[in-house]
Amino acid sequence: MNNMILLAVCFLLGIVFRKTGRLPQTTPGVLNAYIINVALPALALLHIHSLKLSSELIYPAVSAWLLFGGGYLFLRCAGKVLGFTPGTAGALILTAGLGNTSFVGLPMIEAFYGREYLGIGILVDQLGSFLVLATLGIAVAVAASSGSASPKETIRKVLLFPPFQAMVLAFALIPLPYPEWLSMVLQRIGETLPPLALLSVGFQLRLGDIRGELAPLSVGLFYKLILGPALVALLYVAVLGAEGTVIQVTLFEAAMAPMITGAIVAADHDLNPALSALMVPTSALLPSRIPGDPVFPGVYFLATTCSA
């Protein structure tokens with residue numbers, strides 16, 4: 001609950017600061033640069049270094065890749081049918097194709113499943129959402145922003161993406177324990193990401209843009225909140241016959257709202273910043289996908305009954 005309050009406060013502050021002129025119009029660019037070059041690498045160095053890998057955890061690690069891949073195919077096709085620009089389609093893929101599996105997802109897992117399942121959420125986030133963003137996500141951003149990028153240029157952009165570099169370093173350092181002071185510094189820096197990201201998104205939000213972005217917004221939210229999680233659930237449960245609490249937690253994470261950092265990367269590459277800013281808050285205004293607040297319980301029903 002405290003995390004949700006912090007999200008709301010920072011988001012509203014972004015709106016207030018823009019309307020009152022207390023911060024310059026260049027604020028989102030500065031905040032986004034800090035997030036991508038400092039906060040995200042710190043989180044990668046901290047959390048990926050502490051992962052405990054095993055073959056039993058393939059399902060959680062792969063789920064975000066499936067969600068993003070399905071989003072890429074569905075949203076590209078929908079974009080062509082509906083006449084979306086490459087920037088709009090790219091913004092949808094980066095937001096609807098990735099979930100908020102960390103800042104919102106981890107507290108939800110602790111609340112509804114218990115602390116012992118937080119490791120599953122971290123795997124979904126770090127080997128799933130974060131890794132997808134740092135590789136396929138940045139490739140999509142480069143291609144959508146440039147119109148056409150050569151494979152060489154795309155690979156170069158991925159390799160130079162600071163979170164990707166931090167992720168590679170974190171994997172390389174897994175055998176070496178971090179000193180306590182380093183873990184503390186990385187954690188404190190990483191904790192600045194959610195409030196600053198929401199401040200940036202709130203600063204860029206203009207509710208008057210909803211009418212002009214209603215079609216792509218509806219398509220993106222339909223995929224992220226309904227179709228995408230349902231596809232992952234059907235594949236894991238109906239096709240592969242997976243079951244148990246690990247699968248429930250995995251599908252629970254798949255049903256999370258759009259990833260805030262995905263919206264930041266989309267805006268940083270000038271992929272319809274208005275739509276990117278709208279995807280995050282409008283998802284919170286729709287009926288909940290979370291058990292205990294089951295106005296829209298469909299995806300959670302799939303996760304709990306089919307995989308029990």
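A polar contact here is a pair of N or O atoms within 3.5 Å, where, within protein, one must be able to donate a hydrogen and the other to accept it. Keep that cut-off in mind for the arginine I start with. One caution before that: this is a predicted model.

So, Arg18. Arg18 sits in helix H1, residues 2-20. Its side chain reaches the backbone oxygen of Phe203 at 3.0 Å, which is within the 3.5 Å limit. Is Arg18 buried or exposed? Arg18 has a relative accessible area of 16%, and buried means under 20%, so Arg18 counts as buried. Setting aside neighbours within four places in sequence, the contacts of Arg18 are Gln25, Phe203, Leu205 and Arg206.

Next, a glycine. Gly262 belongs to helix H13, which covers residues 260-268. Its relative accessible area is 0%, so Gly262 is buried. Which residues does Gly262 touch, not counting those up to four places away in sequence? They are Leu94, Thr95 and Leu133.

Last, the surface. Ile58, Val62, Leu66, Leu235, Val239 and Leu240 make a nonpolar surface patch of about 470 Å². Helix H3, residues 58-82, and helix H11, residues 214-239, each supply at least two of the patch residues. H3 gives the most, with 3. Val62, one of the patch members, is in H3.

Key: Residues numbered from 1 in each chain as written. Predicted model: local features only at pLDDT ≥ 70, side-chain atom pairs only at ≥ 80, totals over all residues. Heavy atoms only, no water. Patch = residues over 30% accessible without salt bridge, like charges linked within 9 Å, V, L, I, M, F, W, Y side chains within 5 Å. Areas by Shrake-Rupley, 256 points an atom, 1.4 Å probe, with all protein chains shown as cover. Salt bridge = Lys/Arg side-chain N within 4 Å of Asp/Glu carboxyl O. Helix = DSSP H or I, 4+ residues; strand = E, 2+ residues; numbered from the N terminus. Buried < 20%, exposed > 50% of the residue type's maximum accessible area, 1.4 Å probe, protein only. Contact = heavy atoms within 4.5 Å.
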